[in-house]
Amino acid sequence: MHNTARPAVPLPAICAPRENLMRVLDGAAEKQFVYVRAPGGYGKTVSVMLWLKKTGFRTAWHCFDEYDNAPAMFYRAFCLALLSAIPQERELSGIPRSSAFNGDPAAFTIEFLTRADYGRERIVLALDDFHAVTNEEIQKSLQHVLKRLPDSVTVFFLSRNEMPAHFDALKNNRQISLIGVSGLAFSAAEIQEYAACYRHSLTASQAEDIRSHTDGWIILLNMVIPSGAYDGDVSRLKLTVRDYYRQRWCGLDGALKEFLLKTSVPDHFTLELCEALTGDENSGERLERLIMGNANVSFSDGEYRYHQGFLEFLRETLRESDIDVSAAHRTAAEYCLGKNNIPEAYQYAIKSGDPGLLKKTMARGSVLDDILWDDFYKIINADEISDDMCDRMPLLYLTRLSVYLTGDRRGFERCMDGFYGRLPSLVSEYPEMYGIFADACVMDYRVSFSGFVTRMPPGGQTPVAAMPSGSAQMPFLHRDLRDYYELTDTALRTELEEFFRRLSKHRYEYSHRSLFLGIEAGLYMEQNRLDEALDTLQRAESRLNDKTSVPAAWGVYIMLAEASLYINDADAYERYKARAKAYFENRGASCYKMNHLAYEARAKLWNGDAKAAEEWLDSDFAGHSEFGRLYKLYQNFTTARACLVLGKTGEALSALEAIRGMCEAFNRPLDAAEADVLISLTEWGMGNKKEARERLRRVLAALYPRKFIRVVANEGKAVSPVLRSVLKNLEKEPDKDAAFCRYVKDVYGAAYEWSKRFAGLTRGWERKPVKLSAKQALILTLLSKGHKNARIVEMTGLSINTIKSYTKIAYQKLDVNNAADAAVKAKQLGILK
């Protein structure tokens with residue numbers, strides 16, 4: 001027997017038959033998806049429930065709220081709703097409940113849908129209050145998820161908002177029906193029928209008057225129809241929804257009013273939380289009476305919630321009451337702490353205005369554990385934390401600083417300045433949190449690391465040590481929370497490392513030492529000092545243990561894979577990638593999955609793999625409107641490269657300009673250089689060679705003081721012609737800098753070696769066919785067979801200068817610089833057999 005989900009609200013005791021609307025819903029449900037759109041109070045929920053009662057279909061129902069507006073929360077609710085209407089297989093039900101689900105909720109939902117046994121009966125999945133789901137990532141990925149549903153599952157979307165733009169594919173394919181206000185509104189005839197249900201008689205003229213002044217809006221009809229109060233006075237009908245709620249409110253006793261106001265503090269609540277908020281031991285009975293008496297209270301999945309319009313009215317009334325709202329938020333926070341629901345506890349603690357409770361919540365563990373940055377930012381509503389709130393609870397600066405990772409530079413700098421002003425008193429009041437305060441200060445890209453050490457107020461050892469990298473969940477430890485380019489200065493790196501060692505010697509030994517070794521190795525890799533990088537990473541790996549933080553360990557393994565790739569050790573590359581993946585999966589830190597997939601895709605894109613590019617752009621990670629978000633930086637570079645592989649140069653340039661602007665603003669020179677290199681090779685491929693050459697020359701000049709090589713050389717074949725052009729111009733300069741020229745040659749040499757292994761991002765771009773003259777092809781053939789120039793002179797009768805000239809021209813046409821590579825390229829192009 002199936003466990004059928006309880007609908008959002010019970011049907012009212014008396015319902016209008018609405019036979020015409022039932023026929024409309026029958027027709028709409030001939031398509032797999034139905035979008036019901038109307039303002040609150042138009043009866044979307046009751047109308048669909050009436051239809052479901054008539055059809056008898058198995059039903060899964062979920063009402064969304066602001067907490068569901070993040071991918072992991074939304075898709076978990078989606079799966080659990082379906083589980084209520086299909087067989088409860090243990091393995092299947094474990095998918096949405098696993099910690100790994102958070103890392104890739106859309107993919108896990110697709111797996112869930114693929115493995116589910118839906119039976120033979122028709123199922124209707126109703127997604128109520130869908131207007132609460134505004135997250136573009138959800139709306140974009142949902143179209144791919146819905147494709148995995150069998151035809152036997154019909155999905156109803158009930159919303160106050162227009163259909164999302166990402167549903168256009170469903171509209172274009174005629175897979176979705178739309179029911180709007182006109183379909184839900186009561187006609188004059190239906191108003192007469194509805195009145196008859198209450199044994200009231202209306203003339204056709206009276207029914208039309210009511211329809212005309214209420215627009216057939218059921219929430220207003222309920223003000224006059226059940227009571228039979230309409231006496232022909234049209235002015236009585238000119239009421240708002242607020243008037244309706246106020247009218248009902250006036251008829252309630254004081255105890256019930258207080259009960260409703262106190263339970264309006266949370267967006268939803270269990271019976272246990274309700275009893276804690278109200279102190280009413282009979283809360284369960286009171287809630288049941290409310291549910292049976294009207295449609296303003298719902299119960300689903302063990303939680304109660306008020307209709308959104310009624311909730312808004314209650315909260316407005318609460319603000320005007322004498323009830324201690326802060327105490328209610330404290331109660332909700334303590335309840336959530338008891339249930340280990342740290343994100344919601346954090347939010348209620350903030351609203352309570354209680355610094356001690358906020359500290360207690362922070363002490364329970366990082367609210368970032370196993371949560372994606374995007375989800376975290378939406379859950380805590382960091383952008384709603386005001387200056388006044390921070391003045392009253394300075395610890396809130398730590399939360400507000402999360403705007404750093406969303407790319408809000410001005411907001412971050414303003415918040416950082418306020419934090420510095422309160423830092424001495426915070427250190428004095430919360431000495432045990434000194435490490436967390438240091439962690440926050442590390443983010444300030446305006447302050448050099450030498451300035452950071454001197455800027456921190458005095459503080460002793462602390463059990464809560466900071467992590468100077470890792471929180472951005474990016475693969476390379478030297479380009480993560482900050483761009484650690486300054487730490488090529490060994491003395492400065494030692495000074496910073498010693499600062500964190502003093503904070504917590506124990507934590508330093510089992511975690512931070514590996515982290516700093518990873519940063520050091522990353523900078524060696526940027527300088528193409530591969531032996532030193534590999535040696536340093538192996539020392540970091542030897543220090544990994546069960547207590548090492550996930551960012552440090554995952555970063556070390558990814559960087560070992562990167563170093564192995566550079567030295568062309570394919571087995572080690574695959575081995576370390578697998579270790580990195582296993583490390584975060586085994587620890588339930590699935591929030592690292594997106595950047596891990598981005599890292600795996602990058603090598604394929606370097607090889608011009610169009611299939612890999614299409615797969616990445618079709619994935620849920622390739623957000624095309626969030627290129628200014630710092631925490632998505634690594635994924636955004638992958639998106640830009642995928643666009644380049646597919647020849648989508650306009651999209652790529654737009655993304656790269658946004659990425660570069662953000663990186664420059666946040667003092668990330670290596671990332672800014674990477675963006676500029678990609679822009680340069682794109683300009684070159686589009687024929688803007690002068691702009692491309694000048695841009696790359698500026699990049700090289702900026703990287704030269706620290707001798708960074710890989711950020712340019714990694715683009716291999718795609719960037720090589722631009723590098724050659726830069727070198728050619730440099731060598732023509734009468735006062736050229738010999739040391740700089742040698743550096744550019746080193747970059748070009750590394751890029752050339754890389755080009756032998758990867759075909760380049762621009763591999764698939766349209767090119768003019770390569771044509772060699774008969775003499776050029778002959779000389780190339782002889783060279784490929786191992787003949788020297790002197791022997792070719794004897795064999796062909798051509799002069800040595802002519803042979804060298806033909807050889808040079810052939811090399812230029814094939815974009816190579818030696819005979820072996822020329823022979824390989826010519827055979828690939830079919831010029832030589």
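Student: What share of the protein chain's contacts with a separation of 6 or more comes from residues 24 or more positions apart?
Tutor: Those residues account for 71% of such contacts, where contact means heavy atoms within 4.5 Å. This is a predicted model, in which local features need pLDDT of at least 70, side-chain atom pairs count only at pLDDT 80 or more, and totals for chains, interfaces and linings use all residues. Residues are numbered from 1 along each chain as its sequence is written, and side-chain values use heavy atoms, with hydrogens and water left out.

Student: How many helices and strands does the protein chain have?
Tutor: The protein chain has 44 helices and 7 strands. They are DSSP runs numbered from the N terminus: helices are H or I with at least four residues, strands are E with at least two.

Student: Why is His 62 called buried?
Tutor: Buried means under 20% relative accessible area, exposed over 50%, and partly exposed in between, with a 1.4 Å probe and protein chains only. His 62 has 9%, so it is buried. Cys 79, at 0%, is therefore buried too, and so is Cys 336, at 4%. Of the 833 residues in the protein chain, 56% are buried.

Student: Where is His 62, and what makes its link to Asp 68 a polar contact?
Tutor: His 62 is in strand 2. A polar contact is a pair of N or O atoms within 3.5 Å; within protein, one must be able to donate a hydrogen and the other to accept it, and residues adjacent in sequence count only if both atoms are side-chain atoms. The side chains of His 62 and Asp 68 are joined by such a contact of 3.5 Å.

Student: What makes strand 2 mostly covered?
Tutor: In strand 2 (residues 58-63), 6 of 6 residues are buried. Arg 58, Ala 60 and His 62 point one way, while Thr 59, Trp 61 and Cys 63 point the other way.

Student: How do you know that strand 2 pairs with strand 3?
Tutor: Two strands pair if DSSP finds at least two bridges between them. Strand 2 and strand 3 (residues 123-128) are joined by 6 bridges and run parallel, so they pair. In strand 3, Ala 126 is the bridge partner of Trp 61. By the same rule, strand 1 (residues 33-37) and strand 4 (residues 153-159) pair in the parallel sense, over 5 bridges.

Student: Why are strand 2 and strand 5 said to stand at the edges?
Tutor: An open sheet is formed by 5 strands in the order 2-3-4-1-5, with parallel pairing. Strand 2 and strand 5 (176-179) each have a single partner strand, so one side of each has no neighbour in the sheet.

Student: What makes the largest nonpolar core a core?
Tutor: A nonpolar core is a set of buried Ala, Val, Leu, Ile, Met, Phe, Trp, Tyr and Cys residues joined through side-chain atoms within 4.5 Å. The largest one has 232 residues; Phe 419 and Phe 437 are among those that touch the most other members. Helix 30 (residues 550-566) gives the largest share, 13 residues. Another core, of 42 residues, lies apart from it and includes Tyr 35 and Phe 157.

Student: How many disulfides are there?
Tutor: A disulfide is a pair of cysteine sulfur atoms within 2.5 Å. By this rule the count is 0.
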